[in-house]
Amino acid sequence: MVTDNRLVEDPSEPMVDISTWEVLGVPKEVQRGLSEQSFTTPTPIQTLSLPPAIFHYRDIIDAAETGSGKTQAFGILILTHILGHKSSQEAGETTKNTTKNNATKATETGNGTSKLKKPLLALIMTPTRELAIQIKNHLKQAAKHTSLEIVAVVGGMAPQEQQRLLNKYPEVIVATPGILWDLISEGEEHVCRLEHLRYLVIDEANRMVEQGHFQELSSILDLIHRKRQWTSISIGA
């Protein structure tokens, strides 16, 4: 049971042991999201990949069959690092008594209220619309008890809906290369702010090339590498 944003014991609910996630370095708020999806025990690929990625910031290349938990593996480590980064940043700001951070404030059109422009920290590229939506749903459930914004931007979505989602300034974007390159080419503000990008996932890279996304993918990667130096890269085969 959740009361006042805290998990408390409810005699009517069975106790669930999720201690194995804590050993791997997964934050408690992400553990709660995983538990509510009945992901109480990590899969072999998660057990192998999460500790070196979370504790030692190693780049990861995952090759695993469908259903192995690969999506949750790279999703959990991205959420974990972003939450840690934000906590460190907030602690540093409190200590220095300053408001300087990676976000800037802008005024919303028409109502005069201020809106926080959060930087884009993680980009996940995938070959199909269906897979992008599936990944976004997995990550949103895992991040349910955090303040992180996660959106999917895919083909077939109305331009107004795309812009509505991007106007949230999500820290994590899941997208297909075609629509992402179109948005970059059009100068869309949030997706063009790549200087703060810390985490990149190319999911199902083999399918990405087979399905004709190679040129768009190459253009995006070239732009990203011109914009910044990498903290972490994860590639799923």
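Biologist: Which residue in strand 8 is the bridge partner of alanine 152?

Modeller: In strand 8, alanine 152 is partnered by valine 174. The chain passes from strand 7 through helix 6 (residues 159–166) to strand 8, and this β-α-β crossover is right-handed (strands pointing away from you, the path from first strand over helix to second runs clockwise). This is a predicted model: local features need pLDDT of at least 70, side-chain atom pairs need 80 or more, and totals for chains, interfaces and linings use all residues. Residues are numbered from 1 along each chain as its sequence is written, and side-chain values use heavy atoms, without hydrogens or water.

Biologist: Which strands pair with strand 8, and in what sense?

Modeller: Pairing takes at least two DSSP bridges between two strands. Strand 6 (residues 122–125) pairs with strand 8 in the parallel sense over four bridges. There, methionine 125 has alanine 175 as its bridge partner. Strand 7 (residues 150–153) also pairs with strand 8 in the parallel sense, over four bridges. Helices (H or I, at least four residues) and strands (E, at least two) are DSSP runs, numbered from the N terminus. The protein chain has ten helices and ten strands.

Biologist: Are the faces of strand 8 covered or open?

Modeller: In a regular strand, side chains alternate between the two faces of the sheet. Strand 8 (residues 172–175) is covered on both faces. Val172 and Val174 are buried on one side, and Ile173 and Ala175 on the other. Buried means under 20% relative accessible area, exposed over 50%, partly exposed in between (1.4 Å probe, protein chains only). Of the 237 residues in the protein chain, 46% are buried.

Biologist: How many residues does the largest nonpolar core have?

Modeller: It has 58 residues. Such a core joins buried Ala, Val, Leu, Ile, Met, Phe, Trp, Tyr and Cys through side-chain atoms within 4.5 Å. Val26, Ile124 and Ile173 have the most contacts inside it. Helix 4 (residues 70–96) supplies the largest share, seven residues. Now look at isoleucine 124. Neighbours within four places in sequence aside, its contacts (heavy atoms within 4.5 Å) include Phe74, Ile78, Leu139, Ile173 and Val201.

Biologist: Which residues of helix 7 are buried?

Modeller: In helix 7 (residues 177–185), Pro177, Gly178, Ile179, Leu180, Leu183 and Ile184 are buried. Glycine 187 follows helix 7, with a positive phi near 80°.

Biologist: Which residues other than glycine have a positive phi?

Modeller: Most residues other than glycine have a negative phi. Serine 38 has a positive one, near 70°. Serine 38 sits in the loop between helix 2 (28–36) and helix 3. Tyrosine 169 has a positive phi of about 50°. Tyrosine 169 lies in the loop between helix 6 and strand 8.

Biologist: Is each of these two buried or exposed?

Modeller: Serine 38 counts as exposed because its relative accessible area is 59%. Tyrosine 169 counts as buried because its relative accessibility is 8%.

Biologist: What does UniProt place at residues 19–47?

Modeller: An unreviewed UniProt entry annotates residues 19–47 as "short sequence motif: Q motif". UniProt positions use the numbering here, feature names are shortened, and annotations may be inferred rather than shown by experiment. In the model, this stretch is 62% helix and 0% strand, with its end C-alpha atoms 13 Å apart. Proline 44 is in helix 3 (residues 44–56). Proline 44 is exposed because its relative accessibility is 64%. Proline 44 and lysine 70 are 26 residues apart in sequence, and 9.7 Å apart in space, C-alpha to C-alpha.
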